[in-house]
Amino acid sequence: MPKVAQSKVWADWESMDQNPVLQVSGAFKNYGQQPALCGVELSLRRGEWLALLGPNGAGKTTLIRAIAGRVFLDRGEIRMLGTELEQGKGSGRDNLGVVPQEIALYPTLTARENLNVFGSLHGVHGKTLAERIRWALDWVALTERANDRVGGFSGGMKRRLNIAAAVLHRPEVLLLDEPTVGVDPQSRERIWDMLRQLQGEGTSLLLTTHQLDEAQQICDRIVIVDHGKAIAEGTLESLIEQTVGRERMVEIQLEHKLDAHAWQAAVIDPDDATLLRQPMADLAAELPSLLAEIQSAGGSVRDVHIRVPNLQTVFIHLTGRALRE
Ligand SMILES: Nc1ncnc2c1ncn2[C@@H]1O[C@H](COP(=O)(O)OP(=O)(O)OP(=O)(O)O)[C@@H](O)[C@H]1O
């Protein structure tokens, strides 16, 4: 359970854009007896890149599928650009693009033929479609493979094409369920670049990912879900402040252990008498005096590490679990 006061965690909701492009309110969904969504709230602001994070089984895919119209909610409301979306239907979602977790392409068709099919399904035809396909192939760096069958593509190429197929109709909002799963780091970087470009052109992005390090670098805001509820949201900085705080853990590795009597300023690691740990709220003020104290106690420093809290720290603090268990 979160150790932080919920009122504090939710502080950012109060300053939320009153006109989000996508808003999910009080969404509930059970699969038989199995609860998947238990009142989840979510709001995507115009032009932002929002990461939806949660442990396995937290309800992320169910939420994405409900927004996409592929899952009926038991209760709750989904609004896009101010209009309530009909449950369990693709209709009314012209401004939405969806990239599913599984690759949804025709392996026996070429890249171009796949884009033709998906563009037509989204209501794009003729010259406009030809122009969009040209753009998409260039965007995903597959122009030279346009006439090759998709069945022979690498995982990364399929992922890129899968994303291209979802944006041929220029949706204002793009949902991506783990768009980088199973791709090598180079392809992943290329996918993030593609998505950055889309965001730069004004698309609002909501994605689920298990890549915490990347989510914290790339996304504007983060929503953490657990047991079918959003339990925290905010920028990385605000999440850290709401949970683990601004403190940094300073670790000082000494050349030799210090005489215990000469030493009171920091905690000595129980397994390594040459390792000192000290949480510090103000590094500039506290670190120099600690180093001076070590020196006057006769110690010499081999190394100093400053541990900065990150999204993984926040995630474990809130859910009690690492992202993948
Ligand atoms: N079709 C289904 N039938 C029965 N239970 C389901 C179904 N889909 C999901 N669930 C259950 O609903 C809960 C939420 O699942 P969901 O796939 O939405 O979570 P998730 O956060 O996307 O998980 P992961 O990170 O593993 O993809 C889980 O307990 C899951 O077992």
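In the predicted model, Ala-58 touches Ala-36, Val-225, Asp-226, His-227 and Gly-228, leaving out residues up to four places away in sequence. Ala-58 is located in the loop between β3 and α3. Its relative accessibility is 2%, and the residue therefore counts as buried, the limit being under 20%. The C-alpha atom of Ala-58 is 8.0 Å from that of Leu-37, a residue 21 places away in sequence. Ala-58 also belongs to the set of residues that surround the ligand.

The shell around the ligand consists of Tyr-31, Gln-34, Ala-36, Pro-55, Asn-56, Gly-57, Ala-58, Gly-59, Lys-60, Thr-61, Thr-62 and His-210. Two secondary-structure elements, β2 and α3 (60-68), each supply at least two residues of this shell. The most is given by α3, with 3 residues. For Thr-62 the distance is 2.5 Å, for Asn-56 it is 3.4 Å, and for His-210 it is 3.5 Å. On its own the ligand has 630 Å² of accessible area, of which the protein covers 61%.

The protein chain contains 11 helices and 14 strands. Of its 325 residues, 49% are buried. Contacts between residues at least 6 apart in sequence join residues at least 24 apart in 70% of cases. The chain exposes about 15,800 Å², and 48% of this area is supplied by carbon and sulfur atoms.

Nonpolar side chains tend to be buried together in soluble globular proteins. In the present model, the largest nonpolar core comprises 53 residues. Leu-115, Trp-139, Leu-174, Leu-195 and Leu-311 have the most contacts inside this core. Helix α6 (residues 155-167) contributes the largest share of the core, namely 7 residues. Within the largest core, Leu-311 is one of the residues with the most contacts. When neighbours within four places in sequence are set aside, Leu-311 is in contact with Leu-53, Leu-212, Ala-215, Gln-216, Ile-222, Leu-236 and Leu-239.

Side chains of opposite charge can pair when their charged atoms come close. A total of 12 salt bridges is present in the structure. One of them joins the side chains of Arg-221 and Glu-48, with an N to O distance of 2.6 Å. Arg-221 is part of strand β9 (residues 221-226), whereas Glu-48 is in the loop between β2 (34-44) and β3 (49-53), so the pair ties together parts that are 173 residues apart in sequence. Both residues of the pair, Arg-221 and Glu-48, are buried.

A further salt bridge links Arg-145 to Asp-148, with the closest N and O atoms 2.5 Å apart. Arg-145 has a relative accessibility of 32% and so counts as partly exposed. Asp-148, with a relative accessible area of 29%, is likewise partly exposed. The side chains of Arg-196 and Glu-189 also form a salt bridge, at 3.9 Å from N to O. Arg-196 is partly exposed at 36% relative accessibility, and Glu-189 is partly exposed at 38%. Through salt bridges with shared partners, Glu-48, Arg-221 and Glu-233 are joined into one network.

Gly-182 is placed in the loop between β7 (173-177) and α7 (185-200). The relative accessible area of Gly-182 is 74%, which means that the residue is exposed, the limit being over 50%. Ala-58, by contrast, is buried at 2% relative accessibility. Gly-182 and Arg-159 are 23 residues apart along the chain, and their C-alpha atoms are separated by 9.0 Å.

Terms used:
Residues are numbered from 1 along each chain as its sequence is written. This is a predicted model: local features need pLDDT of at least 70, side-chain atom pairs count only at pLDDT 80 or more; totals for chains, interfaces and linings use all residues. Side-chain values use heavy atoms; hydrogens and water are left out. A nonpolar core is a set of buried Ala, Val, Leu, Ile, Met, Phe, Trp, Tyr and Cys residues joined through side-chain atoms within 4.5 Å. Buried means under 20% relative accessible area, exposed over 50%, partly exposed in between (1.4 Å probe, protein chains only). Helices (H or I, at least four residues) and strands (E, at least two) are DSSP runs, numbered from the N terminus. Contact means heavy atoms within 4.5 Å. A salt bridge is a side-chain nitrogen of Lys or Arg within 4 Å of a carboxyl oxygen of Asp or Glu. A residue is near a molecule or strand if one of its heavy atoms lies within 4 Å of it. A polar contact is a pair of N or O atoms within 3.5 Å; within protein, one must be able to donate a hydrogen and the other to accept it, and residues adjacent in sequence count only if both atoms are side-chain atoms. Accessible areas come from the Shrake-Rupley method with a 1.4 Å probe; for residues, only the protein chains shown count as cover.
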